[in-house]
Structures are given as C-alpha cells and as structure tokens.
Amino acid sequence: MLSELEAQLVTDHLVLTATQQDMVAPARRCQREFLNVMKQIDSPRWELQGSKPWRGISTYMWKDEQGRVSFKVVGDVTGDLFNIISLAYELDLYATWMPGCKHSTTLHHYSRFSLCAYLLFGAPWPAADREVLLKGYGDVNHQGVCLAFRSVDLEDEAALGRGRVPCSEAAIRADCEWGGLVVRPLGPRQSQMTVMIKLDIKLQAVPDSLLNFACRKLMPFVILEFQRAAAELSPEHRERIESNRPAYDEIKFRLQRHGFV
C-alpha cells in the first residue's frame with residue numbers, strides 16, 4: 001500500500017507535508033524492516049547445520065562479532081495458506097501450539113497488521129527462561145507472505161503504559177535485533193516456509209549444548225508445528241477469524257490480488 005502511495009506521489013509530482021510525513025513514518029519503518037527480512041533470506045553468511053535436511057527441514061546459523069546468534073530454518077509446508085497466516089497473526093495464541101512457548105499475550109495493535117506482543121519461552125536446564133517483547137508487521141507481496149518483527153525499543157515500551165507488560169521473575173529479557181517469517185506459495189496447498197531470527201539471549205558465552213538444542217529441538221519444530229496446527233485450526237483460531245472479519249477479509253483480498261488463493 002505504501003509503495004503504491006509513493007508511486008502515485010511521484011506520478012503526480014506531489015510532496016507530503018511535514019504532518020503527512022510524520023503520519024507515514026511508521027509505515028515506512030515497517031516497510032524497511034519487511035524488505036530487510038526478504039534480503040536476509042539469501043545472505044551468504046548462513047551456515048548449514050548438519051549434513052542433510054531433517055524431515056525435509058534445513059537449519060542454518062551464524063554468529064556476529066559480538067557473539068549474537070542468528071538462526072534460519074527452511075522447509076516445505078503442506079496446508080492451507082490462509083490457515084498458516086491465521087496462526088501467525090493470532091500472537092496471543094502462540095502458547096497453545098508453538099514449541100517452547102509458555103506464555104503469549106498481544107499487548108497493542110498499532111494498526112490492523114502491526115502488533116506488539118509478549119512471549120515467554122522455556123529453556124533447558126540450567127539456563128533460565130527467556131522473554132521477548134516484540135513489535136511485528138505483516139504484509140503480502142509478489143514473493144509471498146512476510147512477517148517482520150523486532151524487539152520493542154524503550155520509547156515504545158514506555159508508551160504501552162505502566163503495568164501492561166507481563167514480567168516473569170525467573171526469566172531474562174532477550175533482545176531480538178530482527179526476525180521474520182516468510183511463506184512462499186509453491187502450488188495448491190504447498191508452500192515453502194522460512195523462519196529467521198537474530199537474537200541476543202543475554203549470555204556471555206552461548207554453550208554448544210544450547211545451540212544444539214535450538215538447532216535440533218526448537219527451530220525445526222517451529223515449521224513442523226505450523227504444518228500440524230494449520231492442518232485443522234483450533235476452535236480458538238476459528239473463533240478469532242469469525243470475530244475479526246474485517247482483518248481476515250483484507251488478508252484474503254491481498255492473497256487474491258497476488259494470485260495466491
């Protein structure tokens with residue numbers, strides 16, 4: 001939508017006022033994060049973990065100079081694309097189906113497809129659980145469906161209001177520099193799913209045991225659980241779709257516009 005607006009401004013030789021610039025600034029930031037996720041998919045920094053895919057799922061990893069770890073998992077998913085999107089959209093239901101997620105709460109809707117959520121993930125002993133406060137944005141383009149997310153900054157967290165953000169005394173707040181979920185339709189009821197995240201889990205040194213846990217036990221199961229949960233949506237998800245028809249009708253419209261349904 002933003003790209004169409006900016007193309008029309010160029011065509012009509014128009015310039016936004018300062019007030020209008022402020023209004024579209026959040027959308028432009030979301031678009032930059034969206035494009036960054038699409039760019040990261042084919043980055044040469046990814047290193048394949050293991051000699052071959054596990055159950056059709058390939059896991060990749062890389063560390064930056066500060067020791068922060070990035071993960072990427074890629075695999076094919078059989079199921080209805082609309083169901084997959086509804087799973088990704090209903091953030092506060094993640095704890096009912098996503099592996100490792102112990103608690104999930106949607107805290108704020110910035111717009112119809114830009115949300116803020118709190119997620120708590122369990123970690124293997126002796127590591128403490130990790131919590132993240134994420135701000136995400138989703139959209140559809142010619143390549144597929146993309147959800148881009150990152151940790152909420154201090155200004156955005158303060159804007160949520162005192163007492164709005166859950167807090168687990170036993171958990172440590174992790175920082176997500178960027179993350180994304182990309183679903184590329186391959187054919188009827190067949191898509192390629194890519195999940196990526198660059199995360200600072202607040203450990204001076206990340207032990208190999210924890211990296212192995214993430215690569216072998218956590219990240220691949222995200223795709224497997226997406227496929228399992230999308231095969232037949234839960235009653236909670238079906239109820240959400242019925243109660244939020246404007247959002248889901250818009251999702252269907254955008255999928256149809258790009259020929260995905």
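Strand 5, covering residues 114-121, is mostly covered in this predicted model, with seven of its eight residues buried. Here, buried means under 20% relative accessible area, with exposed set at over 50% and partly exposed in between, using a 1.4 Å probe and protein chains only. Strands are DSSP runs of E with at least two residues, numbered from the N terminus.

What lies beside strand 5? Strand 4 (residues 101-111) runs antiparallel to strand 5, and eight bridges join the two. Two strands are said to pair if DSSP finds at least two bridges between them. A hairpin of two residues leads from strand 4 to strand 5, and threonine 105 has tyrosine 118 in strand 5 as its bridge partner. Strand 6 (residues 130-141) is also joined to strand 5 by eight bridges, again in an antiparallel arrangement. In this pairing, serine 114 stands opposite tyrosine 137 of strand 6.

Attention now turns to lysine 198, found in strand 10 (residues 190-200). Is this lysine 198 buried or exposed? Lysine 198 is buried, with a relative accessible area of 7%. Its side chain makes a polar contact of 3.1 Å with the side chain of aspartate 64; such a contact is a pair of N or O atoms within 3.5 Å, where, within protein, one must be able to donate a hydrogen and the other to accept it, and residues adjacent in sequence count only if both atoms are side-chain atoms. Beyond its neighbours within four places in sequence, lysine 198 is in contact (heavy atoms within 4.5 Å) with several residues, including Trp62, Arg68, Asp175 and Trp178.

Residues are numbered from 1 along each chain as its sequence is written. Because the model is predicted, local features need pLDDT of at least 70 and side-chain atom pairs count only at pLDDT 80 or more, while totals for chains, interfaces and linings use all residues; side-chain values use heavy atoms, leaving out hydrogens and water.

Conventions
Helices (H or I, at least four residues) and strands (E, at least two) are DSSP runs, numbered from the N terminus.
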